[in-house]
Amino acid sequence: MLSILRKARLKDKEMRILMLGLDNAGKTTIVKRIMNEDVNSVSPTLGFIIKTIDYDGFKLNIWDVGGQKTLRTYWKNYFEKTDTLIWVVDATDRERLEDCRQELFGLLQQERLMGASLLVFKNKSDVSSSMTEDELRKGLRLDDIYTHKWKIMTCSAITGQNLQEGLQWVVQDAKDRLFLY
Ligand SMILES: Nc1nc2c(ncn2[C@@H]2O[C@H](COP(=O)(O)OP(=O)(O)O)[C@@H](O)[C@H]2O)c(=O)[nH]1
Ligand SMILES: [Mg+2]
C-alpha cells in the first residue's frame, strides 16, 4: 500500500526527503545554502522545518528535523512516505561517530523507512582536519548496509560543495525507481 502511494507521488514528480543526523551536523545550514538563504544565522532546530525546492522538474519537500538527543524519539513521527533519507554527518566529530552510526542503523531497521534510499552527506568537509570519505564509510560501517540503496558524498554547507550533486543523486534515484515500475 505504502509503495503504491509512493509511486503515485513519484509520478507526480513530488518527493519527500527526510533530513536527519545528530545535532550540530549542519542539516539546517545545508537546507539554507540550497535555498540561497543566509547561512550565518542558523540556530538549533527545536521542531522541524519543511522547505520545498524545485529541482530538475521534481518538487522536493525537505523535512529538516531537530537532532538533539531529547528530540530523537520524535523522529519516528516523520518516517511515513519518505522517499529518501539524507543522513548528515559532521565530519569533524570523531567523538560521536559511534553514536552517529548507532542512530543511523536504528533508523534503517524501521519498517516505515524500508523503501527509502539513503544519502550520507559527509558535511563540514571544508575543515581540513575532517574525516575522509573512506574513514567515514568505515566508521559508519556503510558497507554493512544491504537493506537500502545508499551513497556517500563529501559536502560542505559553507562552501556549497556537492549540495547540488547530492540533490541530483536523489532525483536520479527517483527517476530510476519510476523507470522500474
Ligand atoms: N565549517 C563548517 N561549519 C558548518 C558546516 N555546516 C554547518 N556548520 C556549522 O555547524 C553548526 C551547526 O549547524 P546547524 O545547521 O545548526 O546543524 P543542525 O543541528 O544539524 O541543523 C553551525 O555553527 C554551522 O555554522 C560546514 O559545512 N562547514
Ligand atoms: Mg537544525
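Start by selecting helix α2 and strand β3 (58-65), each of which supplies at least two residues of the lining of the largest pocket. Helices here are DSSP runs of H or I with at least four residues, strands are E runs of at least two, and both are numbered from the N terminus.

Before going on, note that this is a predicted model, in which local features need pLDDT of at least 70, side-chain atom pairs count only at pLDDT 80 or more, and totals for chains, interfaces and linings use all residues. Residues are numbered from 1 along each chain as its sequence is written, chains are lettered from A and ligands numbered from 1 in the order in which they are written, and side-chain values use heavy atoms, with hydrogens and water left out.

**The largest pocket**

Now select N24, A25, G26, T29 and V42, which lie nearest the centre of the largest pocket among its 21 lining residues. A pocket is an open set of points on a 1 Å grid over the protein atoms alone, with protein on both sides within 12 Å along at least five of seven lines, and lining residues have an atom within 4 Å of a point. This pocket holds about 340 Å³ of space; a volume is the space filled by probe spheres set on the points, which are joined across faces, edges and corners. Helix α2 gives the largest share of the lining, three residues.

**Ligand 1**

Next, show ligand 1 and the 16 residues around it, of which N24, K27, T29, D126 and A157 come nearest; a residue counts as near if one of its heavy atoms lies within 4 Å. Then look for polar contacts, which are pairs of N or O atoms within 3.5 Å. A polar side-chain atom of T29 is 2.5 Å from an oxygen atom of the ligand. For G26, a polar backbone atom lies 2.9 Å from a ligand oxygen.

**The magnesium ion**

Which residues coordinate the magnesium ion (ligand 2)? Select T28 and T45: the OG1 atom of each does so, at 2.0 to 2.1 Å. T28 sits in helix α2 (residues 27-34) and T45 in the loop between α2 and β2 (48-55), so the pair ties together parts that are 17 residues apart in sequence. Donors are N, O and S atoms within 2.8 Å of the metal (3.2 Å for Na, K and Ca), and sites may look incomplete because water is not among the atoms. Both T28 and T45 are buried, meaning under 20% relative accessible area with a 1.4 Å probe, protein chains only. T28 also reaches ligand 1, with a polar side-chain atom 2.9 Å from one of its oxygen atoms.

Definitions and conventions. Buried < 20%, exposed > 50% of the residue type's maximum accessible area, 1.4 Å probe, protein only. 1 Å grid on protein atoms, 1.4 Å probe; cavity = no way out; pocket = protein on both sides within 12 Å on 5 of 7 lines; lining within 4 Å. Polar contact = N/O pair within 3.5 Å; in protein donor to acceptor, adjacent residues only side chain to side chain.
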